[in-house]
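Q: Please take a close look at the pockets. Start with the whole protein, so that I know where I am.

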Amino acid sequence: MPTPSHASLPIRRLTLRDLAACADLSEDRGWPREEHKWGFLLTAGKGYGIDDPDGGLVSACVVTEYGPQERPGLAAIGMVLVAERHARQGVGRRLMRHVVSATGTTPLTLHATPHGRPLYEELGFKVTGGAEMVRGHFTADERRPMVATRAAHAEDLTAILRLDEEVFGADRTHIVTRLPAFADQLRVAEEGGRIIGYAAAWPNMDTHVVGPLIARDTPVAKALIASLAAHTDRPLRTDIDVRHSELLTWAKERGLASVGFNAVMSHGITELPGDWRRRFAPVTVAAG
């Protein structure tokens, strides 16, 4: 029996039952399996995929929507993968066209690697910014921090959600409320009894990824990173908006080395909503 062409293979919604297949696809392309992150994204967002008749997935991606469910104000596309044996055959282009069509008029954003950027440009995405990934064992500063930080409590949730929506520019309650279960740490910065920043550190292979990182200013962002580092023995990894050059310089001085850059791209908008001056790092580049 002849193998069906890629164009005839249906695109379907993925669920948590596809978690192992998604992790297999990551591994096939030389990525870590990242089952913890895949599970988070598949429950908080919408997965799309193409089944391989021989088993597994030909391709997959995840879309995370923000704002009112009936009319999202923003959607982030991430984890766009095509199995190695099906690469360079137009599969990724077909899946992306489907996703762009399925999201209608909702503005889109994504973090693009240099390899993926040409495809996204072909589909009408424009570069609107950049993020630098840094990774390493954090070296603590012996000086006493000037900003007070502590572990977040359940009663902080309302204030965290209010701050997050103000800074991010769209409601992402479905993401923030999952952080206590997804992350190993969730910490806040306070001043005068008011929360002025928050950050999480979630496990990813042998690292703790810092994200989201929302802070009133750079000193608050530094204090949050330092407080997360103080409570883990793992290397830290985070993706910092390149406009926050002071924070990037400080992180590198503290032992986090640059490991790559992604272009932040958008479709349907010229710049992301919210206040970038207080938005230092995403939850994950896959979800914005």
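A: Buried residues make up 51% of the 288 residues in the protein. Buried means under 20% relative accessible area, exposed means over 50%, and partly exposed lies in between, using a 1.4 Å probe and protein chains only.

This is a predicted model: local features need pLDDT of at least 70, side-chain atom pairs count only at pLDDT 80 or more, and totals for chains, interfaces and linings use all residues. Residues are numbered from 1 along each chain as its sequence is written, and side-chain values use heavy atoms, leaving out hydrogens and water.

The protein has nine helices and 13 strands. Both are DSSP runs numbered from the N terminus: helices are H or I with at least four residues, strands are E with at least two. The radius of gyration is 19 Å, close to the 19 Å that the globule rule gives for 288 residues, so the protein is as compact as a globular protein of that length. That radius is taken over C-alpha atoms, and the rule is 2.2 Å times the number of residues to the power 0.38.

Now the pockets. Rolling a probe the size of a water molecule over the atoms shows where empty space is left. On a 1 Å grid over the protein atoms alone, a pocket is an open set of points where a 1.4 Å probe fits, with protein on both sides within 12 Å along at least five of seven lines; lining residues have an atom within 4 Å of a point. Points are joined across faces, edges and corners, and a volume is the space filled by probe spheres set on them.

The largest pocket holds about 1200 Å³ of space. It is lined by 47 residues, and the closest to its centre are Trp31, Val80, Leu81, Thr113 and His115. Strand 4 (residues 74-82) gives the largest share of this lining, six residues. By class, the lining has 24 nonpolar, 14 polar and nine charged residues. Ala, Val, Leu, Ile, Met, Phe, Trp, Tyr, Cys and Pro count as nonpolar; Asp, Glu, Lys and Arg count as charged; the others, Gly among them, count as polar.

The second largest pocket has a volume of about 550 Å³. Of its 23 lining residues, the closest to its centre are Asp141, Arg143, Pro145, Ala226 and Trp250. Here helix 8 (residues 218-229) supplies the largest share, six residues. This lining divides into 12 nonpolar, five polar and six charged residues.
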